[in-house]
Amino acid sequence: MLRIVERTEHLLNREWLEDRQALFFLERIHLDVMKPPRKLFYRIFEVFESDSSVPTAVVLCLDHGFMLELITTAREETAKLSTLADDLLTATMHTYITTHTVEDGEAFARMGFHCSTVNYRIDNPQPERPDVDFMPSLEGGFETREKFLEWVEVIYGRNSIYEIALTGGRLATMRDEEGLCVTVITTSPGQDRWVVGKAFDGQGNVLQLTRSRFAAFMRCILSTLPKGEQVVYTYHQFEGGNEAMWLLQNGWLPESYEYARSKTHKGVTNAN
């Protein structure tokens, strides 16, 4: 077990950071994320092994309220940090932690997740559509709805994709230099919000999109849905992918977080 000591008071202390070979942390701190509408804050922790009085690592995190994002670390080569995730979660009383590793491309390491799926939602800002070949609804390319459903059944079989199309859902497609990606868009019970599914290819196989490709696809989808209406994306954590971090960085928030903020304790709303 590692000993974690918070040192956030030294966040911008160049001398303190330089003494711990962590001056490069300043290059990873973006003050705009600490301002509205995000209002997140950075935290710095020293990590000690056993009873050592000298830290073996210094960690920079971004606190999202419901999770910690591990931005970067300064560590000794011999540091053994195998329990770092659990120890950070215990020290901060958070539920899970995520980190984006650029060394292996668009790969994410996830640690300490408490559930398999998270619903992220946003009030549609309706961004401009990227310059890609996008169709918001494949049904418009068929003479009748019956022919469209017959086509869906032939291509995908009578699976969940067919069931969503049968009950009024849309099949949206984007084609770029990397090929075709498809998803389903439907409305939730009560028709009060739009639900976007995970991307798949022309044969129904789930796709792992790069960050930039996922961003383009989501902006295409949002550009065609009504402005201001609620849109939900279900992220399947254990399937991997870049979706969660892009969603968080672009105004989407987990429904569990929104729900917790709306609750009250002793007459005071948690958000306050």
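1. Let's start with a loop residue: Gln-21 is found between helix H1 (14–19) and H2. Helices here are DSSP runs of H or I with at least four residues, strands are runs of E with at least two, and both are numbered from the N terminus. Phi of Gln-21 is near 55 degrees, a positive value in a residue other than glycine. Most residues other than glycine have a negative phi. With 68% relative accessibility, Gln-21 counts as exposed; the cut-offs are under 20% relative accessible area for buried, over 50% for exposed and partly exposed in between, using a 1.4 Å probe and protein chains only.

2. Before going on, a word on the source. This is a predicted model, in which local features need pLDDT of at least 70 and side-chain atom pairs count only at pLDDT 80 or more, while totals for chains, interfaces and linings use all residues. Residues are numbered from 1 along each chain as its sequence is written, and side-chain values use heavy atoms, with hydrogens and water left out.

3. Gln-126 is another one to look at. It has a positive phi of about 50 degrees although it is not a glycine. You'll find Gln-126 in the loop between strand E7 (117–123) and E8, and its relative accessible area of 34% makes it partly exposed.

4. Now the overall picture: the protein has 8 helices and 15 strands. Of its 272 residues, 42% are buried. Among contacts (heavy atoms within 4.5 Å) with a separation of 6 or more, 58% are between residues 24 or more positions apart. The protein exposes about 14,900 Å², and carbon and sulfur atoms supply 49% of that; areas come from the Shrake-Rupley method with a 1.4 Å probe, and for residues only the protein chains shown count as cover.

5. On to helix H4, residues 145–156. Its 12 residues reach 16 Å from first C-alpha to last, close to the 16 Å expected at 1.5 Å a residue; the expected span is 1.5 Å times one less than the number of residues. Which residues of H4 are buried? They are Phe-148, Leu-149, Val-152 and Tyr-156. Seen down the axis of H4, these fall within an arc of 95 degrees, so they line one face of the helix; the arc is that of the directions from the helix axis to the C-beta atoms. That buried set packs against helix H5 (160–166), strand E9 (170–176) and strand E10 (179–187). On the other side of H4, Glu-146, Glu-150 and Val-154 are exposed. Just after H4, Gly-157 takes a positive phi of about 80 degrees.

6. Helix H6 is worth a look too. It runs over residues 211–224, and its 14 residues reach 21 Å from first C-alpha to last, close to the 20 Å expected. H6 is mostly covered, with 10 of its 14 residues buried, including Phe-214, Phe-217, Met-218 and Cys-220. The buried residues of H6 pack against strand E8 (133–135), E9, E10, strand E11 (194–196), strand E12 (230–236) and helix H7 (243–249).

7. Last, one more loop residue. Thr-56 sits in the loop between E2 and strand E3 (57–63). Is Thr-56 buried or exposed? At 9% relative accessibility, Thr-56 counts as buried. Leaving out residues up to four places away in sequence, Thr-56 touches Val-47, Glu-49, Ala-74, Arg-75, Glu-76, Ala-79 and Leu-81.
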